[in-house]
Amino acid sequence: MRATRESGQPSSAYEPPPSASNYGRPPSQIDPDPEKKWWQRVIPLLVARKWPFIGALSFSFLSLVLQVLVPNLLNQALDRSIQTHSVPLHHYVELIIAIGIVGGIAGFLARWLLFRSAYDFEFDLRNLIYEHLSLMSFSFYDRTQSGQLISRANSDIRSVQMYATFAPQIIIQCAIGLIAFIFMLSIDIPLALIAMATMPILFWTGVRMRNAMFPISWIIQARLAEVATITDENINGVRVVKSFAQEQKEINTLADASSGVSWAYIKDADYRARFTPILQNLPQVGLALVLVFGGIMVIQGKVGIGAILAFNAYLLMLQAPFMMLGMLIMMGQRAAASADRIFEIMDERPDIVEKPGAYDLENPAGLVNFRNVSFSYNENQPILKDFDLTIEAGETVALVGRTGSGKSTVARLLLRFYDVQDGSVSIDGHDVRDATMTSLRANVGVVLDDSFLFSISIADNIAYGRPDASRAAVEAAAKAAHAHDFITALPEGYDTVVGERGYTLSGGQRQRLSIARSLLLNPPILILDDATSAIDVKIEQEIHGAFVTLLKSRTTLIVAHRLSTISLASRVALIDGGRIIATGHHEDLLRDVPEYGEVLAQVEASVIPTTRGGEA
Ligand SMILES: Nc1ncnc2c1ncn2[C@@H]1O[C@H](COP(=O)(O)OP(=O)(O)O)[C@@H](O)[C@H]1O
Ligand SMILES: [Mg+2]
């Protein structure tokens, strides 16, 4: 098989795609139980990478413990070495320097490991979301805005990551604060209580701040997602915007959305400006209290002067945990909201899933059967009803019908982009729902009217479904699709990188590339959904011969309205009212079925202006 492929002749047999991915797959999944709390659900991700995380927490604990020791040593040094000379001063100096060095190294390792686990966590979560998105069915993308997905994959992941990795760190800091408080109590109990007098106010202010700011942070997230959606649509739809001269309207829409964002940010800054100075300066009040009461106690000889210095240092040390405790709660609520938004997507099950025990469709002859198919996108609007159609292996059938009659829907059902609600679609007698998704889609090739190309080279675009195809095979497919000549005329030939979505090429050129892309897969079943509509009549006549040879060797469903394309088919099926109302040869239908003539006339009328371009 491989040998024939390398000789440039693509083989038609299905081969399972290489499954080894070359990125670091997330070592774990999130907990699938939606009843659990959000942080319980992300624990498996943390556990999977526990060592750097545990290391980070241990080192940060060590570095904080060392920090807490210093003011106490300072207190002792002042009392025992400077005032009473009972211990040599250099003893304390050396100890404090040693603590500084070890604490510094521990601090470095703690941060390094913490950021590492934070970004590993983020990486895993993001990959899980993208893996999940790639499993989701078309119906999901029909109703989901891309801006929403982008913002969930970016800022929501970030806020969950921040909390999941920094919360334990803050909890350690608070624990250290407790140790500092115990040290203060051990120096002098009344003074310790006086020093702590402002802490409840500090905590309460922190809580008020987050109560005020939390809804705002939510609004910011939602509005950023809105701006992302508008921006995304404007960039992707720039050609439509410009051709209808709606730039100003779009600018206004975006300005409205971004003024919503800036309103929320200003509100946020407003609260910050109001609360942060209180939070930062309250501890000074505590220091003043220590100076007053401590000073009196020193004068009365109840405590040593070192106690005031140590208390000063401890109060500064305690300030952070108390402020952070408020922040921790705020971050927690924000992370909970973000996690909900992420899980909302992650908990959504794809509608189209492979059955357990699905088998590979191998070398099908290509007999296609739609039997009694009923289908609707949304419940109250049936698209297909009792739809029956058989295409013999190797046969070419043209599906003809009015716009919106469900022709593309028929193609999507054969590819299992959607599942039928009733009846069945089968290939060689095997229901498409029993086959593996990869084998089904490898055996059914499709060329759509809207041919999406990637911003990669032309050769890579053609080889998209078979990245290991040789250049000879790519060129053979391009020649068959009559694309070779225009490709070689480009300055860089097959290595020309096409612009965003292929807009540097004409519609007809894009369509020929996407025909080549499907031909390279050489599928036993091929669907051409309006695939020749953008190719002008003259070129279509040129490739007509090539098409005839191509279609000879496979089952083909052509959705077409041009007579020249319809003439490629040995049989025409006329779809109307969700069913096939007649099948037969073009001439017979034209003679016997009045609707056929009407549909062709109608379609012709709507098509002529586009094919004749300037004359319309
Ligand atoms: N993703 C979708 N969600 C909801 N309705 C859809 C979707 N795609 C198509 N439809 C509707 O289904 C009908 C048939 O569409 P389609 O099969 O694309 O028609 P055709 O290809 O014959 O022009 C149309 O009325 C269309 O509005
Ligand atoms: Mg269509």
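In the predicted model, strand 4 and strand 5 are arranged as a hairpin in which two residues separate the strands, and aspartate 428 in the turn adopts a positive phi of about 55°.

The domain assignment of the protein gives domain 1 (38-346) and domain 2 (368-615), and the C-alpha centres of domain 1 and domain 2 lie 56 Å apart.

The packing of two helices was examined next. Helix 8 (residues 199-236) and helix 10 (residues 247-299) have axes that come within 9 Å and cross at roughly 165°, which makes helix 8 roughly antiparallel to helix 10 because the angle is over 145 degrees. The crossing of these two helices is left-handed, and their contact comprises, by class, 21 nonpolar, seven polar and five charged residues.

Ligand 1 is surrounded by a shell of residues that includes Asp142, Tyr377 and Ile383, together with Gly401, Thr403, Gly404, Ser405, Gly406, Lys407, Ser408 and Thr409. By class, this shell around ligand 1 divides into two nonpolar, seven polar and two charged residues, and helix 12 (residues 407-414) gives the most to the shell, contributing three residues.

Terms used
Residues are numbered from 1 along each chain as its sequence is written. Chains are lettered from A and ligands numbered from 1 in the order in which they are written. This is a predicted model: local features need pLDDT of at least 70, side-chain atom pairs count only at pLDDT 80 or more; totals for chains, interfaces and linings use all residues. A residue is near a molecule or strand if its C-beta atom, placed from the backbone, lies within 6 Å of it. Helices (H or I, at least four residues) and strands (E, at least two) are DSSP runs, numbered from the N terminus. Ala, Val, Leu, Ile, Met, Phe, Trp, Tyr, Cys and Pro count as nonpolar, Asp, Glu, Lys and Arg as charged, and the others, Gly among them, as polar. Axes are lines fitted to C-alpha atoms, for helices over the stretch in contact, and angles run from 0 to 180 degrees between N-to-C directions. Angles under 35 degrees count as roughly parallel, over 145 as roughly antiparallel, 65 to 115 as roughly perpendicular and the rest as oblique. A crossing is left-handed if the near helix is turned anticlockwise from the far one by less than a right angle, and right-handed if clockwise. Domain bounds come from an automatic or database domain assignment. Two strands pair if DSSP finds at least two bridges between them.
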